[in-house]
Amino acid sequence: MNKTGAYSILKGFLWFLSLQLILSNLPATGQEQINLDSLYFKARDFSRQQKFDSVKIICRKILSVDTHYYDASVLLGRMKAREQQTDSASAIYEEVISEKPGYWDAVDGMIDLGIAMGDLDTAFYFSKYGLTYHPNDEYFLLKKARIQMLMEDYDGSQRTILQILDRNSSNEKALALLDQIKHVNILNYVALDYDFEYFRVPW
């Protein structure tokens, strides 16, 4: 075995030990004794490092202590979506929404999942649903506008963009979308630059 291979094995082994150390130091019971937030932030760090198996392990550990730690549920759903386990991801998001209607991260997850699956009707439904709970949320409004563009509803998209600009005339993404609509020819195919960070940053 060459030095590079040995180093990779050692690095992986040390990473595994560090994860086990994190989890072994958690009490088996007593939620009040556990800083679940710190554990969740560690899961997010692992996600940025693309250590997705560790993310799932930590999220499941959190949920074994507190089934209502919804951020961990949604992050686990994002991991399922990355693995193309769309049914599992959808079930996780929908369970969170049923228990806590309008939960921002779960709604966002459903929108992204709908788009990734090419199910624009579902994505559009949840963008509207999210806005019933967060009516001034520019992020959801922007997503709704982009989905409308993908559905070739350019008039509707423009109305949504103007809602954003009425609240925040300096929103650069909304201005860019409005400019894109002005230059679009609705009689021809238009390839939209859909630049959402769907699963590149999974939260």
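Student: Where is Gln84 found in this structure?

Tutor: In this predicted model, Gln84 is found in the loop between α4 and α5.

Student: Why is Gln84 called exposed?

Tutor: The relative accessible area of Gln84 is 62%. A residue counts as exposed when that value is over 50%. Gln84 is therefore exposed.

Student: What is the phi of Gln84?

Tutor: Gln84 has a positive phi of about 65 degrees, although it is not a glycine.

Student: What can be said about the phi of Glu152, and where is the place of Glu152?

Tutor: Glu152 is not a glycine, and its phi is positive at about 65 degrees. Its place is in the loop between α8 (138-150) and α9 (154-167).

Student: Which values describe how two packed helices lie?

Tutor: Two packed helices are described by the angle between their axes and by the distance between those axes.

Student: What makes α4 and α5 roughly antiparallel?

Tutor: The axes of helix α4 (residues 70-82) and α5 cross at roughly 160 degrees and come within 7 Å. Angles over 145 degrees count as roughly antiparallel. The two helices, α4 and α5, are therefore roughly antiparallel to each other. Their crossing is left-handed.

Student: Which residues of α4 and α5 meet?

Tutor: From α4 come Tyr70, Ser73, Val74, Leu76, Gly77, Arg78, Lys80 and Ala81, and they meet Ser88, Ala89, Ile92, Tyr93, Val96 and Glu99 in α5. By class, this contact of α4 with α5 has eight nonpolar, three polar and three charged residues.

Student: Where in the chain is the place of Glu99, and why does it count as partly exposed?

Tutor: Glu99 belongs to helix α5 (residues 86-99). Its relative accessibility is 38%. Buried means under 20% and exposed means over 50%, with partly exposed in between. Glu99 therefore counts as partly exposed.

Student: With which residues is Glu99 in contact, leaving aside its neighbours within four places in sequence?

Tutor: With those neighbours left aside, Glu99 is in contact with His68 and Tyr70. Glu99 and Tyr70 are 29 residues apart along the chain, and their C-alpha atoms are separated by 9.5 Å.

Student: Is Ile57 buried, partly exposed or exposed, and what makes it so?

Tutor: Ile57 has a relative accessible area of 36%. That class lies between the limits of 20% and 50%. Ile57 is therefore partly exposed. Its place is in helix α3 (residues 52-65). Ile57 and Ala43 are 14 residues apart in sequence, and from C-alpha to C-alpha they are 8.7 Å apart in space.

Student: How do you know that α6 and α7 are roughly antiparallel?

Tutor: Helix α6 (residues 104-116) packs against helix α7 (residues 120-133) at an angle of about 160 degrees, and their axes are 7 Å apart. The cut-off for roughly antiparallel is an angle over 145 degrees. It follows that α6 and α7 are roughly antiparallel to each other. The crossing of these two helices is left-handed.

Student: Which residues form the contact of α6 with α7?

Tutor: In α6, Val107, Met110, Ile111, Gly114 and Ile115 meet Leu120, Thr122, Ala123, Phe126, Ser127, Tyr129 and Gly130 in α7. The residues of this contact divide into eight nonpolar, four polar and no charged.

Student: Why are α7 and α8 called roughly antiparallel?

Tutor: The axes of α7 and α8 cross at roughly 155 degrees and come within 9 Å. An angle over 145 degrees counts as roughly antiparallel. Accordingly, α7 and α8 are roughly antiparallel to each other. In passing α8, α7 makes a left-handed crossing.

Student: Which residues meet between α7 and α8?

Tutor: Leu120, Ala123, Phe124, Ser127, Lys128, Gly130 and Leu131 in α7 meet Phe140, Leu141, Lys144, Ile147, Gln148 and Leu150 in α8. The contact of α7 with α8 has eight nonpolar, three polar and two charged residues.

Student: How many helices and strands does the protein chain have?

Tutor: The protein chain has ten helices and zero strands. Of its 203 residues, 42% are buried. Among contacts with a separation of 6 or more, 53% are between residues 24 or more positions apart. The accessible surface of the chain comes to about 11600 Å², and 51% of that surface belongs to carbon and sulfur atoms.

How values were computed:
Residues numbered from 1 in each chain as written. Predicted model: local features only at pLDDT ≥ 70, side-chain atom pairs only at ≥ 80, totals over all residues. Heavy atoms only, no water. Axes fitted to C-alpha atoms, helices over the stretch in contact; angles between N-to-C directions. Helix = DSSP H or I, 4+ residues; strand = E, 2+ residues; numbered from the N terminus. Parallel < 35°, antiparallel > 145°, perpendicular 65-115°, else oblique. Left-handed = near helix turned anticlockwise from the far one by under 90°. Contact = heavy atoms within 4.5 Å. Nonpolar A, V, L, I, M, F, W, Y, C, P; charged D, E, K, R; others polar. Buried < 20%, exposed > 50% of the residue type's maximum accessible area, 1.4 Å probe, protein only. Areas by Shrake-Rupley, 256 points an atom, 1.4 Å probe, with all protein chains shown as cover.
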